[in-house]
Amino acid sequence: MSAAVTLLTDELKAWIGREAVYTAREELGRASIRYFALATGDENPLYLDEAYAREAGFADVVAPPTFVVETCQYAHRPPDGHGYMGHAWDLPITDCRMIRAGNEYEFMRPVLACDRISVAWTLEDMVERKSRRGGSQLFVTTVARYYDDGEELIAVNRETTVYQPLDAEQMESGK
């Protein structure tokens with residue numbers, strides 16, 4: 001029988017508490033909000049019609065709630081190998097698959113097209129737990145705090161990802 005593999009190494013523990021901050025170069029913009037709303041099938045006139053949003057008491061078009069946590073407009077990075085341009089921790093974890101295990105959102109106020117966003121990501125915690133299938137899994141919790149250009153907190157996204165070791169067959173097939 002092989003010895004249990006420990007996923008939470010001292011090298012990984014040193015990542016806990018790391019931060020990454022990104023500030024958008026421009027406002028979110030009406031077009032981006034409209035594209036997101038249409039792509040998600042939500043035709044709420046607050047998202048699509050500036051005059052309607054102003055009549056409802058907003059200074060500009062309102063973004064659907066999860067737009068701010070799904071946009072990567074704040075990032076100034078080249079696309080990675082998968083075309084993703086947003087924040088990624090690129091943890092030194094090998095022979096594991098990453099699974100998104102959930103998000104908890106908190107919204108302080110509606111996000112507007114005229115907002116210029118900054119986000120502060122923090123790698124909050126890592127915990128190793130036994131798997132029901134045997135072995136262990138690594139649970140990683142990160143928190144992203146989104147601010148407007150007046151440094152007002154407008155949203156928080158707490159995300160949990162799980163790293164599961166690949167079995168021999170998965171490693172051979174490259175999955």
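Trainee: Which residues does Tyr52 touch, not counting residues up to four places away in sequence?

Mentor: Tyr52 touches Pro45 and Leu46 once residues up to four places away in sequence are set aside, where contact means heavy atoms within 4.5 Å. This is a predicted model, in which local features need pLDDT of at least 70 and side-chain atom pairs count only at pLDDT 80 or more, while totals for chains, interfaces and linings use all residues. Residues are numbered from 1 along each chain as its sequence is written, and side-chain values use heavy atoms, with hydrogens and water left out.

Trainee: Why is Tyr52 called partly exposed?

Mentor: Its relative accessible area is 40%, and the scheme calls a residue buried under 20% relative accessible area, exposed over 50% and partly exposed in between (1.4 Å probe, protein chains only). The value for Tyr52 falls in between, and therefore the residue counts as partly exposed. Tyr52 is found in helix 4, residues 50-55; helices (H or I, at least four residues) and strands (E, at least two) are DSSP runs, numbered from the N terminus.

Trainee: How many helices and strands does the protein have, and in what order do they run?

Mentor: There are six helices and five strands, and from the N terminus on the order is α-β-α-α-α-α-β-β-β-β-α.

Trainee: What makes Ser118 buried?

Mentor: Its relative accessible area is 16%, which lies under the limit for buried, and so the label applies. Ser118 sits in strand 3, residues 118-130, and, leaving aside its neighbours within four places in sequence, is in contact with Tyr22, Thr23, Arg145, Tyr146 and Tyr147.

Trainee: How do you know whether Gln164 is buried or exposed?

Mentor: Gln164 has a relative accessible area of 9% and is therefore buried. This residue is found in strand 5, where, not counting residues up to four places away in sequence, it touches Asp95, Cys96, Arg97, Ile99, Arg133 and Gln137. Gln164 and Pro110, for their part, are 54 residues apart in sequence and 36 Å apart in space, C-alpha to C-alpha.

Trainee: How do you know how many disulfides there are?

Mentor: A disulfide is a pair of cysteine sulfur atoms within 2.5 Å, and by this rule the count is zero. As for two of the cysteines, Cys96 is buried because its relative accessibility is 19%, whereas Cys114, at 28%, is partly exposed.

Trainee: What makes a set of residues a nonpolar core, and which residues have the most contacts inside the largest one?

Mentor: A nonpolar core is a set of buried Ala, Val, Leu, Ile, Met, Phe, Trp, Tyr and Cys residues joined through side-chain atoms within 4.5 Å. The largest has 37 residues, and those with the most contacts inside it are Leu91, Trp121, Met126, Leu138 and Tyr146. Among the elements that each supply at least two residues of this core are strand 1 (19-23), helix 2 (30-39), strand 4 (136-147) and strand 5 (153-165). Met126, leaving aside its neighbours within four places in sequence, has contacts that include Leu8, Trp15, Leu91 and Leu138. In soluble globular proteins, nonpolar side chains tend to be buried together.

Trainee: What share of the residues in the protein is buried?

Mentor: Buried residues make up 37% of the 175 residues.

Trainee: Why is Asp90 called exposed, and what is its phi?

Mentor: Its relative accessibility of 60% is over the limit for exposed, and so Asp90 receives that label. Asp90 lies in the loop between helix 5 and strand 2, and its phi is near 50°, a positive value in a residue other than glycine. Most residues other than glycine have a negative phi.

Trainee: What makes Glu151 exposed, and where is its place?

Mentor: Glu151 has a relative accessible area of 69% and is therefore exposed; its place is in the loop between strand 4 and strand 5. Its phi is near 65°, again a positive value in a residue other than glycine.
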